[in-house]
Amino acid sequence: MAPPYDVIPEVDIAGYRALSPHNVIRLIRPGSDYEGAARTLAAWLSEGVLREDPPSMYVHEVEVAPGRTRRDLIAALRLEPYASGVVLPHERTHRGPKEDRLALMRATHASLEPLWFLYDGRETPARELLAEAAAAAPVARFADAEGMSQRLWTVGRGRVTDGLASALASLPVLIADGHHRYETTLAYSEELGGAADVASRFTLALLTDIDDPGLEVLPTHRVMKAGIAVTGGEPAGSLAETLAAIKGRVAAGVYREGRFQVLALDGDVAVVELHRQVIDNILGKRSAEDFLLYTRDAEEAVRWVDEGVGVSAFFLDAPDLRQVLKLAQEGKTLPQKSTYFYPKPPSGMVIHRLDANRTL
């Protein structure tokens with residue numbers, strides 16, 4: 001097991017490789033040796049390190065805190081262009097990561113790690129069906145890199161999988177993590193062609209109910225490297241007071257020159273309005289990505305300003321996921337690093353081969 005490829009620092013790769021000769025890091029982070037990853041995948045299949053299951057879905061559970069878990073479904077999700085309104089993005093993508101993942105996909109012909117999606121299952125029996133599947137003994141128990149306890153169930157084709165497929169078939173899904181990989185897999189699928197139900201027309205997906213009590217979304221704070229001061233906010237006495245004041249509000253905290261303030265914002269999603277009403281006005285035509293640093297640690301943001309790394313810090317509360325879903329359904333995207341879903345689903349549990357000759 002390993003975290004998703006894009007959250008593993010380069011300095012940690014050797015450590016994951018040392019954990020096991022069969023750690024999935026050899027597939028998902030092969031550097032530029034894409035053909036080497038393909039040879040490794042083929043060897044693991046021929047040696048029985050990986051075993052092909054009959055058609056199945058999987059239930060995954062992670063204990064995010066004592067007594068609180070998140071339960072996910074792992075399944076094959078049909079690839080759809082964004083224009084169809086079925087798969088909803090909420091962030092823009094960049095070219096570089098897509099080129100890397102496309103080269104890896106062309107070499108391995110596989111979806112090596114699940115993309116993470118959210119769905120609104122309030123009016124479906126999905127939660128009850130997942131609970132029924134998880135009542136059996138899991139096929140695997142393990143701890144992730146952070147020590148979180150996880151379990152996995154294999155659910156063979158039958159009443160439960162048919163019920164889940166039926167329950168989710170008409171629902172749109174919001175990409176939580178994996179925008180670059182989704183677009184890459186869609187491009188690769190179109191490159192391969194084939195009938196509508198061949199395996200390469202689907203991607204490996206981990207799907208979570210937006211109301212799951214174990215689903216966490218963390219805010220990402222911004223530090224601006226240059227720009228004028230913001231005025232008109234409510235004074236706040238400390239970082240703790242600032243963070244408490246923006247909780248549950250469409251508002252942002254600001255720190256500059258040793259002083260905190262709270263800015264009330266018009267609109268529905270604070271991160272969108274912070275950029276539209278404040279950051280974009282300060283920067284004008286200059287690119288935000290050239291002037292912003294990001295951190296999930298509010299104290300670090302304050303420290304960066306005190307040390308002169310930046311001139312202003314902007315603090316945000318976690319976004320309302322239903323508002324994010326609503327914006328995505330309206331075809332709107334959020335600024336970069338607007339959401340950070342946690343904990344990330346580990347890679348290495350299931351692999352989906354993108355086979356244009358196999359029908360699902």
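Student: What volume does the largest cavity have?
Tutor: This is a predicted model. The count comes to two cavities of 30 Å³ or more. The largest cavity has a volume of about 90 Å³.

Student: Which element gives the most to the lining of the largest cavity?
Tutor: The lining includes Arg 101, Leu 104 and Met 105, as well as Arg 181 and Thr 185. Elements giving two or more residues are β4 (110-111), α7 (179-192) and α4 (95-108). With three residues, the top contributor is α4.

Student: How many residues in the lining of the largest cavity are charged?
Tutor: Five residues of this lining are nonpolar and two are polar. Glu 113 is one of the lining residues. The charged residues number three.

Student: How much space lies in the second largest cavity?
Tutor: Its lining includes Pro 4, Trp 116, Asp 177 and Pro 345. By class, that lining has four nonpolar, one polar and three charged residues. The space in the second largest cavity is about 50 Å³.

Student: Which element supplies the largest share of the largest nonpolar core?
Tutor: This core has 44 residues. Elements supplying at least two residues each include β5 (115-119), β9 (202-209), α9 (270-283) and α11 (321-329). The largest share, eight residues, comes from α9.

Student: Which residues at positions 349 and 350 does Ile 74 touch?
Tutor: Ile 74 is among the core members that touch the most other members. Beyond four places in sequence, its contacts include Met 57, Leu 152 and Leu 204. At positions 349 and 350 they are Met 349 and Val 350.

Technical notes. Residues are numbered from 1 along each chain as its sequence is written. This is a predicted model: local features need pLDDT of at least 70, side-chain atom pairs count only at pLDDT 80 or more; totals for chains, interfaces and linings use all residues. Side-chain values use heavy atoms; hydrogens and water are left out. A nonpolar core is a set of buried Ala, Val, Leu, Ile, Met, Phe, Trp, Tyr and Cys residues joined through side-chain atoms within 4.5 Å. Buried means under 20% relative accessible area, exposed over 50%, partly exposed in between (1.4 Å probe, protein chains only). Helices (H or I, at least four residues) and strands (E, at least two) are DSSP runs, numbered from the N terminus. Contact means heavy atoms within 4.5 Å. On a 1 Å grid over the protein atoms alone, a cavity is a set of points where a 1.4 Å probe fits but cannot get out, and a pocket is an open set with protein on both sides within 12 Å along at least five of seven lines; lining residues have an atom within 4 Å of a point. Grid points are joined across faces, edges and corners, and a volume is the space filled by probe spheres set on the points. Ala, Val, Leu, Ile, Met, Phe, Trp, Tyr, Cys and Pro count as nonpolar, Asp, Glu, Lys and Arg as charged, and the others, Gly among them, as polar.
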